[in-house]
Amino acid sequence: MRLIDVFRLATRNFRTNRLRTFLTILAVSVATSAILFLVSFGYGLQILTVQQIANSATISTVDVTTSSSSSIIKLDDDAVTKIKALPNVVEVASEMDLEAKINLTSLGTTVVHAVSPTYFTLGDIRADFGNVLGDKSDHQAVVSDAFLSQFNLPVDQASLGKTFTLSYSIVDPNQPTAKTQDFPDDKKYTVAGIIKDPDFSSFVYVTMTDAKALVKTVPYANLKAQASDRNNVIGVKDAIGGLGYVASAPLETLEQLNQVFAVVQATLATLGLIALIISSIGMFNTMTVSLLERTKEIGIMKALGADKSDIWKMFIAESSIIGFCGGLAGVLLGLLLTFGANSILNVLARVYGGQQANIFYSPPWFIFAIILFSTVVGAVTGFYPAKRAAGLNPLKALRYE
């Protein structure tokens, strides 16, 4: 039997039993669209989360701190020199944390982060208004939204250029009474950038040069070491750990997140797969009913010389086509649902001042895999009816009523 003849016989039910075939395809399409919708949601969440930590700089960065119980190992200029000397380390940025008294429109207090210019790049710290600090940012500052709010200043472009004075406050551990020492800065700082902090905490970023001009004895709170490339991050992390420091890498967090999201996607896909299995029962029922309705027809075909393989081909082709059409329709329905859900979420984000983003992502290979899988499920569903049809006795089939 020619392939075109197999196709014509397999699709004849599509014309003679339109409603039943349509409902079967609809059941498969709903199941496959559920798989696409759920897994696309998992992929979208993964991409959004990974993007928060996986830019070109932070992904090759190692964070360096010291153990809270260690009084010998400190983060200072010697530590920076040692880490810079390690193989595959191309940059080391430092941060020093200080308390400070502020005089802007009134008096207040805040936390000052004194950082080297590359700290912003390695830490992926960006200003929502204005700019972060660079090599030539003497007596400029990047402030948080909470910092401005405590002085009743707007969190927008209008606050750029505002000036204030500060005096660093530290506790001298060498004095028995541990009195706080103030180091007033005689120059005014200019607001060069503003950061919207998710935790709404008050802080100020200044250059390490400005802070060290007055305060020289405070150790660094942390360092960020940049590896030459992503492949050397773990080696750099282990080398820094070998010096006695506590080292962690966002790359490890990224790998852990990918593992977690793989489990999430598998779970979501399983939920959709259950729906597909249920729909395959309906497909099996459709093929079984089709066998009963076409028993006499099969007897005539065998009497005219059709062999078992021709009957096999006809039933397997019909069930495969139903699976393929269901998978294709399910993909189109799933893409429509993801587009609609994403549009609604972005409208809500725009209304309530949130950040717009693509919550769903459907990889092309996954779309192809869904269509292929539903086709295979259809073929498997038609296996038993095809076997029964191929094994029918022609004489009994012709007498079947």
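## Helix 8 and its buried face

In this predicted model, helix 8 spans residues 233-242, and its buried residues are Val233, Val236, Lys237 and Ile240. These four residues cover an arc of only 100° around the axis, which places them on the same side of helix 8. An α-helix has 3.6 residues a turn, so residues three or four places apart point the same way.

Just after helix 8, Gly244 adopts a positive phi of about 100°.

## Packing of helices 11 and 12

Two packed helices are described by the angle between their axes and the distance between the axes. For helix 11 (residues 308-351) and helix 12 (residues 364-381), the angle is about 150° and the axes lie 7 Å apart. Angles over 145 degrees count as roughly antiparallel, and helix 11 and helix 12 are therefore roughly antiparallel to each other. The crossing of helix 11 past helix 12 is right-handed.

On the helix 11 side, the contact is made by Ile316, Ser319, Ser320, Gly323, Phe324, Gly327, Leu328, Val331 and Leu335. Their counterparts in helix 12 are Ile367, Ile370, Ile371, Ser374, Thr375, Gly378 and Ala379.

Ser40 belongs to helix 3, which comprises residues 18-51. With a relative accessible area of 0%, Ser40 is buried, since the cut-off for burial is under 20%.

Leaving aside residues up to four places away in sequence, Ser40 touches Thr338, Ile359, Phe360, Tyr361 and Ser362. With Ser362, the side chain of Ser40 also forms a side-chain to side-chain polar contact of 2.6 Å.

Methods. Residues are numbered from 1 along each chain as its sequence is written. This is a predicted model: local features need pLDDT of at least 70, side-chain atom pairs count only at pLDDT 80 or more; totals for chains, interfaces and linings use all residues. Side-chain values use heavy atoms; hydrogens and water are left out. Helices (H or I, at least four residues) and strands (E, at least two) are DSSP runs, numbered from the N terminus. Buried means under 20% relative accessible area, exposed over 50%, partly exposed in between (1.4 Å probe, protein chains only). A polar contact is a pair of N or O atoms within 3.5 Å; within protein, one must be able to donate a hydrogen and the other to accept it, and residues adjacent in sequence count only if both atoms are side-chain atoms. Contact means heavy atoms within 4.5 Å. The arc is that of the directions from the helix axis to the C-beta atoms. Axes are lines fitted to C-alpha atoms, for helices over the stretch in contact, and angles run from 0 to 180 degrees between N-to-C directions. Angles under 35 degrees count as roughly parallel, over 145 as roughly antiparallel, 65 to 115 as roughly perpendicular and the rest as oblique. A crossing is left-handed if the near helix is turned anticlockwise from the far one by less than a right angle, and right-handed if clockwise.
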